Amino acid sequence: MFCEIIQILGDFLEVAITSIVFLKGIYPSGAFERRRYMNAVVQKARNPELQDYIHSTVSGLLPFIQKGLVERVAVIFFNSDNVQLERFVFKLTVNQSYESKVENSDLEFALRAFLIKLSVSEPLTKVLPPDCKWEITAYFQTLPSSSTSKNAESWIPTDTKQWQQPPVITPIKSMTSRPLNLQLYLEHPSLSEPNHYE
């Protein structure tokens, strides 16, 4: 039961991250194809390397999410100087002790609302420069030790420069349920941020 929730969350994160990358126009629209997921129209990456990056990153995070170690998963867009320009953040809390039956359709209905909101959230975002890059970053409550995971040593710190001021936060969607709490919000650098790029 709990494993089903984690699997649904993993599939959702893959689709949502792909939707974000499509939304930001980093790749030509022909690099994606329309599909249905949770009865919503979404974009699927056609490029095997892009698909693999998103899939392997999310799959690698799932054991840590299941243990409650991951606090946030972010899709970060940054310029050629590695200065962050925009972050889409999934803040999640998984109730590991939840044992009751969850109807997959109820959970999928709630997660589908995120995909629908994402598809119309472009006006909330900033226009990115043409040399923009992106990455998926996880923020852990505590760093996993190599004794608890054989994959712990394969995780590397990000090279992107962190903001010095608190970001401007724009909520996109949130849900609260017993097995899973999830928030999706957008972060932009504060106007007082050094090296602030418009």
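Contact here means heavy atoms within 4.5 Å. Keep that in mind for the whole talk.

This is a predicted model, where local features need pLDDT of at least 70, side-chain atom pairs count only at pLDDT 80 or more, and totals for chains, interfaces and linings use all residues. Residues are numbered from 1 along each chain as its sequence is written, and side-chain values use heavy atoms, with hydrogens and water left out.

Start with the contacts. Take those in the chain with a separation of 6 or more: 72% of them join residues 24 or more positions apart.

Next, the elements. The chain has three helices and seven strands. Helices (H or I, at least four residues) and strands (E, at least two) are DSSP runs, numbered from the N terminus. The order is α-β-β-α-β-β-α-β-β-β.

Now the sheet. Five strands make an open, antiparallel sheet, ordered E5-E3-E4-E7-E6. Strands E5 (133-140) and E6 (168-176) are the edges, each pairing on one side only. Two strands pair if DSSP finds at least two bridges between them. E3 (residues 70-78) and E4 (residues 84-94) are joined by seven bridges. Val75 sits opposite Phe88 in E4.

Last, burial. Buried means under 20% relative accessible area, exposed over 50%, partly exposed in between, with a 1.4 Å probe and protein chains only. Of the 198 residues, 46% are buried. What about Ser19, buried or exposed? Ser19 is buried because its relative accessible area is 14%. Ser19 is in helix H1 (residues 2-24). Not counting residues up to four places away in sequence, Ser19 touches Val42, Gln43 and Leu118.
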